[in-house]
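Please open the model in your viewer and keep the selection tool at hand. The tour below goes from one selection to the next and says what is there.

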Amino acid sequence: MLAELPQPQNLTLLTLNTQYVLTWDWDQTATGNAVTFTVEYMAKYKMMKKKKNWSRVCERTTHTRCDLTDSDLHYLGMYVVRVQASADGVNSHWVYKDFCPDMDASLGPPSRVELAPVGNLLDVTISDPLTSTQGSMKEHVLFLYYRILYWSLSDDPQGLKPKVVDSSNNLVTLPELEAWTWYCVMIQSRYDYYNKTSGYTEPQCMQTEGDTPYGQIFLYFLVSMVVCFLLVLLPSYTFFRFYRVLKNTFYPSIQLPAHIQEYLCDSSPGSDMPRLLTADSEAELCCDKLTICPEVVLLEIHLPPPLTAPPSELEQDSGRHIRQDSGDSGIYSTEGGSAQQGRSGGEPIRRDQEVDSWQTLEQVKMDEMWRESADERDLDEGVVDVCV
């Protein structure tokens, strides 16, 4: 007859909210062979039936624990869990344990805590404990509430007595706080029906606020003005200056006179407006240097002898020479002809008539010299460039 295997000992459920893990103890010296374990559960009200339908969770496992989290146990239900050991075809007796999640499962602390200053107060935002499916534990524990402990960092640590606030709300405003003071907060989940309490969260600290000083308000105003100038006024001024420069460059306010604009806009072929020569231009521009030199004209004037003595033969020849020159120029040909006629006819020439003729001839010569000098000044311009 085979010896019976000993039973597993100290069945314990490790729970947190809706997470359930069954553990047990096993003496490894009880048998030298490998031992496996089987875990089953069933609702407690079904134990009264003749035909029992157990639900198996772990079968022939070598571990001394079994996870029941995914077994879909109702939080308010009551169940019976059993464990059996097996080795070399020999089974031990079943070991039973009753389990009610609502009564036996531990309650976890809030999943998240946030602090926010509101003036000289603090707002505490509390997130509910979570189930294994990331749901709120308030869906299973309807009377869940929170205990909030808070204290000031300026208090004496030896005589520290934190203040307590209980609330089932997820948003709590802490009362009786001082402005510009640091406070620390810890929170615990509680369920009084089965006297369940969770552990406290880690302390979180936050400073309260108060009335803003006037100096700080003025500083904020200055900073906002500087930011406004840098972000709005400065780009606007730069754009305005750039616009003015472009406008004055392409559309000046002072316009050229109309006759200059017509001259600059004249593009007719006969216009003297300077323009660039193109490569395909038919006309070729050639420049050379031209020098104009005026002709020097020497004018010789013979004056008559004094009037006290009669003219000699040489003086008569000179008078004839002057009259001949005037005849060449087409002036006083009549006087010359009449003088010759007088001399050819043997009639003497009156001296007063000769003096008048000489004076008139001298005036004509002077006028011709003046006109020739004016012409020489006009022609005496130096070097002239002639372009073809």
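**Two sulfur bridges**

Begin by selecting Cys 184 and Cys 205, which form a disulfide with their sulfur atoms 1.8 Å apart, a disulfide being a pair of cysteine sulfur atoms within 2.5 Å. This pair links distant parts of the chain, 21 residues apart, with Cys 184 in strand 14 (residues 182-191) and Cys 205 in strand 16 (residues 204-207); strands (E, at least two residues) and helices (H or I, at least four) are DSSP runs, numbered from the N terminus. The model is a predicted one, in which local features need pLDDT of at least 70 and side-chain atom pairs count only at pLDDT 80 or more, while totals for chains, interfaces and linings use all residues. Residues are numbered from 1 along each chain as its sequence is written, and side-chain values use heavy atoms, with hydrogens and water left out.

Cys 184 counts as buried because its relative accessibility is 3%, whereas Cys 205, at 34%, counts as partly exposed; buried means under 20% relative accessible area, exposed over 50%, and partly exposed in between (1.4 Å probe, protein chains only).

Next, select Cys 58 and Cys 66, which a disulfide joins with 1.9 Å from S to S. Cys 58 is buried at 15% relative accessibility, and Cys 66 is buried at 2%.

**An arginine over two rings**

Now select Arg 82, whose charged end sits over the ring of Trp 54, 4.0 Å from its centre, and which also lies over the face of Trp 94, at 3.9 Å from the ring centre. A charge sits over a ring if NZ of Lys or CZ of Arg is within 6 Å of the ring centre and within 35 degrees of the ring normal.
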